[in-house]
2 protein chains.
Amino acid sequence: MTRLSLPTSLHDLPTPCLVLDAGRMERNIDRMRARMADLGVPLRPHLKTGKSIEVAQQMMATPQGPATVSTLAEARRFAQAGVRDIVYAVGITPAKLPEILDLRAQGVDLAVLLDSVEQAAAVADAARESGAVIPALIEIDCDGHRSGVQSDDRDRLLAIAAALGEGGALRGVLTHAGDSYGARGEAALRACAEAERLAVVTAAQHLRAGGHACPVVSVGSTPTALSATDLAGVTEVRAGVYVFFDLVMAGIGVCDHQEIALSVLATVIGHQEDKGWILVDAGWMALSRDRGTASQDVDQGYGLVCGVDGAPFGDLIVAQANQEHGVLALRTGSTGRLPRLAIGDRVRIFPNHACATAAQHDRYHVVRGDDAVEAIWPRFGGW
Amino acid sequence: MTRLSLPTSLHDLPTPCLVLDAGRMERNIDRMRARMADLGVPLRPHLKTGKSIEVAQQMMATPQGPATVSTLAEARRFAQAGVRDIVYAVGITPAKLPEILDLRAQGVDLAVLLDSVEQAAAVADAARESGAVIPALIEIDCDGHRSGVQSDDRDRLLAIAAALGEGGALRGVLTHAGDSYGARGEAALRACAEAERLAVVTAAQHLRAGGHACPVVSVGSTPTALSATDLAGVTEVRAGVYVFFDLVMAGIGVCDHQEIALSVLATVIGHQEDKGWILVDAGWMALSRDRGTASQDVDQGYGLVCGVDGAPFGDLIVAQANQEHGVLALRTGSTGRLPRLAIGDRVRIFPNHACATAAQHDRYHVVRGDDAVEAIWPRFGGW
């Protein structure tokens with residue numbers, strides 16, 4: 001693109017694009033750190049939300065980690081950037097083990113996740129064949145949400161541990177309270193956090209009673225991390241989306257709109273006055289198709305619309321999204337007035353789900369409370 | 001990633017990844033070409049679905065175009081690849097005009113889209129200041145779906161044409177029958193196609209009666225392109241998703257499952273036997289959050305599951321999706337049986353919406369009816 005100088009303001013950036021408020025991000029990171037300090041449990045931040053070296057460096061306790069990732073692409077990229085303590089928190093498949101061994105041979109303490117004897121046997125075989133060790137965590141199902149062994153399924157836990165043998169060294173147990181995303185109110189969130197804690201602590205007890213060391217007892221989700229009051233028996237907490245927060249988290253009640261650090265900058269491209277619509281150049285390609293607030297008390301459409309200063313207009317949401325068109329309208333039932341926005345005016349849109357919206361972009365335009373762009377941070381995708 | 005040789009089979013590729021069946025794609029392209037030949041109207045293929053030089057080269061009538069794009073990034077990339085006749089079919093904003101002028105100065109006949117006097121005046125100003133011409137199409141609203149001038153709003157049409165003046169040369173009118181995605185059955189689809197045709201032909205008549213040449217009369221959507229029986233007065237058809245087709249198009253009835261050329265390859269990572277779930281390593285990051293079939297007669301969840309050979313298992317869909325987890329289950333009410341799929345087995349998943357799913361990936365793994373990968377084609381994103 002022909003441009004004489006780098007854009008330095010939200011008023012100059014080509015739209016749509018992704019904006020990250022570094023001040024808000026730093027406060028979000030500080031808030032989670034303070035909570036973990038209060039609870040006395042170390043944090044293993046999940047780097048899947050940011051997929052950025054710069055964001056990761058601020059989230060982690062040290063440049064070497066610890067960290068959690070959701071893809072081998074993240075493991076590779078963060079390993080290249082010097083991270084040395086990584087949990088790959090998606091169930092392992094045999095075809096991915098050569099790359100795990102390769103990263104481990106480079107000095108990265110990369111642990112895998114599994115919930116079956118078949119996976120454990122494959123891990124043990126790969127480790128034995130290579131003469132190396134692959135540490136493994138057993139995934140525990142704390143809420144019927146996804147994968148994992150039931151915490152009281154002692155036989156399966158012990159069978160997996162036995163199948164791992166010495167090459168596939170059992171490192172511990174791990175769970176994720178996916179149901180916490182559907183919880184409402186402090187009591188419900190605390191109950192999710194306690195269910196999460198109890199599930200892994202129970203599983204660890206079964207394993208230890210069976211003669212297996214189980215040094216790691218790992219829980220994690222942003223809602224439970226921010227709601228737990230007691231993490232007895234837990235050795236680490238994983239969380240990720242807190243770094244940016246989003247409308248789903250605000251809907252659950254674990255953050256305010258003023259804490260949402262991520263937004264999509266868009267430009268007004270038209271009006272349909274009879275319908276009360278303002279059209280912008282950010283559609284689902286820039287916002288993602290995530291409709292996570294659709295099942296919450298307040299449906300934010302494809303995002304909540306703010307001025308360039310990051311302050312919401314009120315009831316103005318992205319009511320519809322095509323590939324490159326967003327339709328701004330007042331939410332149904334609103335008694336507010338449509339703001340006057342002319343062709344070429346700019347808005348910022350808070351995302352439903354930060355992980356999904358950020359994934360539609362290849363860079364962050366970093367601001368700090370105002371419209372000056374102080375840095376551009378690349379982000380990556382892929383597997 | 002350490003790999004001794006390039007993967008040459010769907011059984012070797014790292015998962016999740018995007019698979020393109022070139023034979024199916026070529027047949028889809030041939031089918032659309034044959035229809036346009038029957039209707040006697042040239043095609044201006046929309047390149048936003050593929051975002052790939054290789055796919056574009058097969059869709060276009062010549063290496064120079066004509067073509068339609070949805071972003072300036074597409075305009076730039078396809079211009080670099082030699083395309084010289086491009087319509088940027090999203091409403092223009094003043095800040096994007098310098099890049100339009102820049103591409104035109106490089107010899108690309110790039111036309112812009114607008115639906116307001118404000119945009120027309122900005123285009124005319126930019127053209128005058130640079131001493132160049134910027135051809136513009138007026139967007140017509142044929143179904144209340146998105147942006148555009150009502151076809152009978154003669155005054156607004158003439159005011160826009162007047163504001164364009166000589167620098168912003170009026171090239172014609174353009175519409176998109178977005179409502180056709182919600183149509184069901186041949187009669188409804190034909191009605192959408194006729195509404196689309198009538199809207200632009202009517203608008204062109206108003207402009208011509210007002211003394212303006214209106215050489216281009218452009219319609220377009222895959223459902224209407226495949227359903228129209230008469231395109232009298234239309235000078236070109238735009239369509240894009242037909243190149244791959246998808247479950248939404250199959251649900252509308254304009255393609256069969258055997259014509260869907262795009263799929264996501266995934267690996268089984270676990271089971272929850274009591275729930276009838278099979279877990280795979282393709283979640284919404286690989287499939288997109290698009291749920292376009294949710295409002296159709298057959299809800300395909302996050303995708304319809306096939307074997308590695310591309311044949312659907314029947315009622316097996318991606319019932320739930322997390323970031324990197326897909327939950328395969330039989331659709332509600334199915335009397336079928338869950339297929340036996342072991343850890344490490346592979347499946348292919350047809351997407352709800354090809355544009356959205358392809359956008360989650362940076363390359364196509366090209367096959368031709370079997371499991372041999374014959375090429376890797378890059379795709380791009382961004383704006």
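Reader: How many residues does the contact take from chain A and from chain B?

Author: The model is predicted, so that local features need pLDDT of at least 70 and side-chain atom pairs count only at pLDDT 80 or more, while totals for chains, interfaces and linings use all residues. Residues are numbered from 1 along each chain as its sequence is written, chains are lettered from A and ligands numbered from 1 in the order in which they are written, and side-chain values use heavy atoms, with hydrogens and water left out. With contact meaning heavy atoms within 4.5 Å, the numbers are 59 residues from chain A and 59 residues from chain B.

Reader: Which three residues supply more of the area that chain A buries against chain B than any other three?

Author: Buried area is the accessible area (1.4 Å probe) that two parts lose on being put together, summed over both. By that account chain A and chain B bury about 4600 Å² between them, with 55% of it on carbon and sulfur atoms. Of the area that chain A buries against chain B, 16% comes from three residues, more than from any other three: A:R146, A:I343 and A:W383.

Reader: Are helices α3 and α4 of chain B roughly parallel or roughly antiparallel?

Author: Helices (H or I, at least four residues) and strands (E, at least two) are DSSP runs numbered from the N terminus, and axes are lines fitted to C-alpha atoms, for helices over the stretch in contact, with angles running from 0 to 180 degrees between N-to-C directions. The axes of α3(B), residues 72-80, and α4(B), residues 97-105, come within 11 Å and cross at roughly 15°. Because angles under 35 degrees count as roughly parallel and those over 145 as roughly antiparallel, α3(B) and α4(B) are roughly parallel.

Reader: Which residues of α4(B) make the contact with α3(B)?

Author: On the α3(B) side the contact is made by B:L72, B:A75, B:R76 and B:A79. The residues of this contact divide into 5 nonpolar, no polar and 2 charged, where Ala, Val, Leu, Ile, Met, Phe, Trp, Tyr, Cys and Pro count as nonpolar, Asp, Glu, Lys and Arg as charged, and the others, Gly among them, as polar. The partners in α4(B) are B:E99, B:I100 and B:L103.

Reader: Where does A:F245, with its positive phi, lie?

Author: A:F245 has a positive phi of about 55° although it is not a glycine. Its place is in chain A, in the loop between β9 (236-238) and α9 (247-252).

How values were computed. Angles under 35 degrees count as roughly parallel, over 145 as roughly antiparallel, 65 to 115 as roughly perpendicular and the rest as oblique.
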